[in-house]
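Please walk through the model below with the text at hand. Keep the sequence open alongside.

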Amino acid sequence: MHNQTTLIVGAGYAGSVMARELADAGCRVHVIDKRPHIAGNAYDELDEHGVLVHRYGPHIFHTNGERIFEYLSRFTEWRPYEHRVRGVVDGVSYPFPINRDTLNQLYGLDLDEAGAAAFFERVREPREPVATSEDVVLNAVGRDLYEKFFLNYTRKQWGLDPSQLKAGVAARIPVRTNTDDRYFTDTFQAMPLHGYTRMFEAMLDHPNITVELSVDFADVRARNHHDHIVYTGPIDAYFNYRYGHLPYRSLRFEHEHLPAADRYQDVGTVNYPNDHAYTRITEFKHLTGQQHAGTSIVREYPQDEGDPYYPVPRAENEALFKRYEELAKLEADVTFVGRLAQYRYYNMDQVVGAALAAAKNFLSREA
Ligand code: FAD
Ligand code: UDP
């Protein structure tokens, strides 16, 4: 039925899910990625010591979307995993997101659930409207907790003050009056049993899919002969920065292996809001459950230059994105999907959802 051919730029979630959906529908697809591997930023690999690590920082899968979890379950088995994070303030580590135990330990209190709610009510600085990330945090927990846990972490992560970022950034982090110390409360929380890269290999393993790595779209677009393109890279790059650069925040990852330590820290990730140039340290064995005599960790150093990892949610950036989006609408044979192409602070499951929707849309148009 579908004898058209599609070129897919990017072998991350957006590109790989699109590839699989189109291939299953009978289309022939060719996937390229400028990196030498598939899986995009979710890529994992054994480091030189045999520990499974995430090259581009810690990736924990969580979703409330049963349909999305079932979709990925076609390509992997899972290991149940609930991520836990602690935040270090003045040399002491506390449960994070802030919960009742955080308050009790930090302030030497013995609050019950109603007491914690009353505490937040007393210290919060009501804001109306809640427009920025500063508003979100002050409105919920007040200035002291804001300054201890959020202000400097956010400055480090984004190079911006929380007042310069949209509410959605800090709103990712809940505030709890109970003692739940999980980072996420989604219905489905699990890691691919054999890693993300294996899951992507299974997704792309289809007779209608070919994959070519270390190929930059910029070098092949002039001789593109496909009927349709799925583009999952930065949208401003696609249009040769016609309206200027869209800001994307980058990171430098410092990986380290500690041969003599079975465990480096008590939980998967420890955040350092106020100390160091890095934001957080993640120890992979917590995430993967791997047994190994040593352990491997990664530190994340935020920076402007480098691979684009995060869209920067601010009104002026979204306005610039909208201008690119208008150009994108005029590209009739190109589908723009994914965190970089849609300039949205998407988690993995949201990218899967966006790609499934884009594939359905494309296939219904072609039918
Ligand atoms: P990407 O994974 O970025 O894939 C795009 C691909 O396109 C890349 O491989 C790139 O090389 C390729 N490409 C770009 N331009 C070109 C070109 N010109 N030619 C050829 N190829 C090109 N999400 C969660 O759900 N849980 C987490 O715990 C989590 N942790 C994260 C931690 C970090 C440090 C980061 C940066 C992200 C995290 N995410 C997490 C988000 C997750 O990484 C993304 O939602 C998801 O990987 C985005 O998929 P994508 O396909 O849109 O983009
Ligand atoms: N944040 C913070 N302190 C923390 C953790 C997060 O201020 O200890 C803020 C910060 O602005 C961060 C945002 O909350 O960028 C979202 O955090 P999340 O852990 O979801 O970021 P990601 O894992 O996507 O980097």
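This is a predicted model: local features need pLDDT of at least 70, side-chain atom pairs count only at pLDDT 80 or more; totals for chains, interfaces and linings use all residues.

Residues are numbered from 1 along each chain as its sequence is written, while chains are lettered from A and ligands numbered from 1 in the order in which they are written. The protein chain has a mean pLDDT of 97, where pLDDT is the predictor's confidence in each residue, from 0 to 100. In that chain, 99% of the residues reach 70 or more. For the complex, the predictor gives an ipTM of 0.99 and a pTM of 0.98.

Start with the domains, whose bounds come from an automatic or database domain assignment. Domain 1 takes in 5-43 + 188-246 + 311-366, and domain 2 covers 92-170. Their centres, taken over C-alpha atoms, are separated by 35 Å. Five residues of domain 1 are in contact with six of domain 2; contact means that the C-beta atoms, placed from the backbone, lie within 7 Å. On the domain 1 side, four of the touching residues are nonpolar, none is polar and one is charged. Here Ala, Val, Leu, Ile, Met, Phe, Trp, Tyr, Cys and Pro count as nonpolar, Asp, Glu, Lys and Arg as charged, and the others, Gly among them, as polar.

Now look at helix H1, residues 13-24. Helices (H or I, at least four residues) and strands (E, at least two) are DSSP runs, numbered from the N terminus. The expected span of a helix is 1.5 Å times one less than its number of residues. For the 12 residues of H1 that gives 16 Å, and the end C-alpha atoms are 16 Å apart, which agrees. How enclosed is H1 by the rest of the structure? Largely, because 11 of its 12 residues are buried. A residue is buried if 20 or more other C-beta atoms lie within 10 Å of its own, exposed if 12 or fewer, and partly exposed in between, with C-beta atoms placed from the backbone. Among the buried residues are Tyr13, Met18, Arg20 and Glu21. The packing partners of the buried residues include strands E1 (5-9) and E2 (28-33) and helix H12 (348-366). After H1 comes Gly26, with a positive phi near 100 degrees.

A residue is near a molecule if its C-beta atom, placed from the backbone, lies within 6 Å of it.

Ligand 2 has 13 residues around it, of which Phe150, Tyr153, Thr154, Arg172 and Asn271 come nearest. Helix H5 (133-158) gives the largest share, five residues. Eight residues of the shell are nonpolar, four polar and one charged.

Finally, check the backbone. The peptide bond from Phe96 to Pro97 is cis, with omega near 5 degrees. Pro97 sits in the loop between strand E8 (92-96) and helix H3 (100-107). The bond from Glu128 to Pro129 is also cis, with omega near 0 degrees. Ala39 is not a glycine, yet its phi is positive, near 85 degrees. Ala39 counts as buried because it has 27 C-beta neighbours inside 10 Å. His276 likewise has a positive phi, about 70 degrees. With 13 C-beta neighbours inside 10 Å, His276 counts as partly exposed.

How values were computed. Two residues are in contact if their C-beta atoms, placed from the backbone, lie within 7 Å.
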